[in-house]
Amino acid sequence: ATWFSRRSSGINAEYGGRVCFIRLGDDIGKSGVIVDLVDQKHLLVDGPDGIGRKVVRLNQVALTDIKINIPRGCKTKTVRTAMAKEGVEAKLAATSLVKKFAAKNAKAQLGDFARFKNRVAKTASNRKIRSTVRKLKKSS
């Protein structure tokens, strides 16, 4: 889809049909497809995750390398069928961006005792590493 090719501030940004992950705002953690550019800082995003069709600021989304072939300004039904056909949800779940987001959320949900156990385990692991390094330094 070359209809989105645009040179802005010296960077060739092809946004059309690109899958994005919303990292800030009300729809944090959801994914969608860029359907159109509103202006230099706003995108029209549509997706199946309960986002609906809405305008999102460019700094609220993280662009992925996943791209689907859709026409500019297409209907929601077209976007959803194209996403299902390409298997976008599975591809997106395999990206490091989504994995990091899930890990961050899991860590944020930990209770006091779970955080304590993690800290104790990390300290024990670091002690083992430190002692091994010291032994290797002495031997060499």
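This is a predicted model: local features need pLDDT of at least 70, side-chain atom pairs count only at pLDDT 80 or more; totals for chains, interfaces and linings use all residues.
1. Ser-139 sits in helix α4, residues 112-139; helices here are DSSP runs of H or I with at least four residues, strands are E runs of at least two, and both are numbered from the N terminus. The side chain of Ser-139 has a polar atom 3.0 Å from the backbone oxygen of Leu-136.

2. Residues are numbered from 1 along each chain as its sequence is written, and side-chain values use heavy atoms, with hydrogens and water left out.

3. Now the aromatics. The whole structure has two aromatic pairs (ring centres of Phe, Tyr or the six-membered ring of Trp within 6.5 Å; planes under 30 degrees apart are stacked, over 60 edge-to-face, the rest tilted). Phe-21 and Phe-101 are edge-to-face, at 5.2 Å centre to centre and 75 degrees between the planes. That pair links distant parts of the chain, strand β3 and helix α3 (residues 96-108), 80 residues apart. Phe-21 is buried, at 4% relative accessible area.

4. The other pair, Phe-113 and Phe-116, is stacked because the centres are 6.1 Å apart and the planes lie at 25 degrees. These two are three residues apart in helix α4, so about one helical turn separates them. Phe-113 is exposed at 56%, while Phe-116 is partly exposed at 40%.

5. Asp-46 deserves a look. Asp-46 belongs to strand β5 (residues 42-46) and is buried, with a relative accessible area of 0%. Its side chain makes polar contacts with the side chains of Arg-53, at 3.1 Å, and Thr-76, at 2.7 Å (N or O atoms within 3.5 Å, one able to donate a hydrogen and the other to accept it within protein; residues adjacent in sequence count only if both atoms are side-chain atoms).

6. Finally, the largest nonpolar core has 15 residues, and Val-33 and Met-83 are among those touching the most other members. Such a core is a set of buried Ala, Val, Leu, Ile, Met, Phe, Trp, Tyr and Cys residues joined through side-chain atoms within 4.5 Å. Helix α1 (76-86) is one of the elements giving two or more residues, and α1 gives the most, three.

Conventions. Buried means under 20% relative accessible area, exposed over 50%, partly exposed in between (1.4 Å probe, protein chains only).
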